[in-house]
Amino acid sequence: MSDRRPRAARRRSPEPPPAAASPGPAAGPESPSVVQATLYRDGRRVASPATLAETYRQLREHPDGMAWIGLHRPTEQELHSLAAEFDLHELAVEDALEAHQRPKLERYGDTLFVVLRAARYLDAQEEVDFGELHVFVGPDFLITVRHGAAPDLSAVRRRMEENPALLSLGPEAVLYAILDAVVDGYAPVVAGVQNDVDEIETEVFGGDPAVSRRIYELSREMVEFQRATRPLVGMLHALMAGFAKYGTDEELQRYLRDVADHVTHTSERVDGFRQALTEILTVNATLVTQQQNAEMRALAEAGFEQNEEIKKISSWAAILFAPTLVGTIYGMNFDHMPELHWAGGYPFAVVLMAVVCTSLYVVFKKKDWL
């Protein structure tokens with residue numbers, strides 16, 4: 001990463017015709033995808049070209065300078081123009097176009113290709129929003145291709161311009177500053193997630209029925225967060241392993257070690273969040289099961305009480321039905337009925353009703369229906 005050979009020694013002749021510098025749409029007025037193109041020399045801004053073609057031309061005129069080109073969702077023509085000018089590998093260009101890549105660090109000759117996943121916490125929605133950043137780092141250029149709202153690299157640019165001594169160390173210094181910004185951006189996310197976890201714990205024991213969905217959604221976000229932070233730990237250690245080979249400045253070495261410490265801490269916190277959410281989900285499932293069992297037990301008790309009432313009503317209905325049956329039989333208007341003109345018929349019928357009712361009452365009482 002410390003190779004500062006002149007551009008003419010690395011690629012085609014140093015002074016091609018202007019028309020050949022950037023074919024297609026990239027040679028016209030600045031595209032909305034070009035956030036900013038800046039040329040630096042000795043850590044200080046010397047030019048802010050309006051187009052990619054102008055950036056190419058001025059960088060050829062200052063072989064000891066460094067170009068920092070920032071893009072947001074660039075077109076295919078723009079990336080192919082950059083690839084032709086800076087000898088970017090076609091596989092890296094394809095990744096930058098498609099996005100949705102895992103964080104990784106790859107070297108193509110004297111060019112590094114870095115993919116980062118930035119994150120920001122949205123307070124209003126109480127969710128984590130992830131962005132993707134692709135960085136091409138060469139001996140005298142740095143190209144950032146941003147997909148999504150995060151990270152905001154304008155603050156990184158201001159910070160580096162305010163420290164010319166650090167910026168003069170070249171594209172490697174800018175790369176480390178970007179890594180630092182991405183990792184620092186994780187801190188508010190960690191704080192927001194910690195607050196969400198605390199709220200979820202309160203909701204779980206408060207019996208909020210919507211908490212299960214919130215736990216699930218936050219768990220999915222933590223999976224994405226793990227995918228963003230875990231590979232970054234290995235990437236930073238790979239960069240540190242190349243300090244001696246590529247002659248990395250001592251100040252940058254200290255810089256990167258600090259970034260590595262921060263990302264390791266963040267990765268551990270994210271792992272802790274995911275484990276905590278798994279345990280909370282288990283507790284919530286247990287509490288929901290207990291609540292359902294209590295409800296089922298209450299329903300069973302209510303059903304038992306209802307059955308008891310039905311038994312009582314049915315028993316009294318049967319008791320009252322017996323005299324009604326006897327009275328109905330003796331109330332029929334037939335001339336020839338047994339005992340119709342018997343003097344003891346009425347007392348007999350009354351006694352019969354009393355005996356039947358008493359017998360039914362005794363039977364139902366023994367069965368605890370009354």
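Analyst: Phe225 is buried, as its relative accessible area is 0%; buried means under 20% relative accessible area, exposed over 50%, and partly exposed in between, with a 1.4 Å probe and protein chains only. The model is predicted, so local features need pLDDT of at least 70 and side-chain atom pairs count only at pLDDT 80 or more, while totals for chains, interfaces and linings use all residues. Residues are numbered from 1 along each chain as its sequence is written, and side-chain values use heavy atoms, with hydrogens and water left out.

The structure holds 7 aromatic pairs. Rings of Phe, Tyr and Trp (its six-membered ring) pair if their centres lie within 6.5 Å; planes under 30 degrees apart count as stacked, over 60 as edge-to-face and the rest as tilted.

One of the pairs joins Tyr56 and Phe86: the centres are 5.8 Å apart and the planes stand at 80 degrees, so this pair is edge-to-face. Tyr56 belongs to helix α2 (residues 52-61) and Phe86 to helix α3 (residues 76-86), so the pair ties together parts 30 residues apart in sequence. Helices (H or I, at least four residues) and strands (E, at least two) are DSSP runs, numbered from the N terminus. Tyr56 is buried at 0% relative accessible area, and Phe86 is buried at 1%.

Phe225 pairs with Tyr186, also edge-to-face, with 5.3 Å centre to centre and 70 degrees between the planes. This pair links distant parts of the chain, Tyr186 in helix α8 and Phe225 in helix α9 (residues 211-241), 39 residues apart. Tyr186 is buried, at 0% relative accessibility.

Finally, Tyr56, Phe86 and Phe141 form one aromatic cluster.
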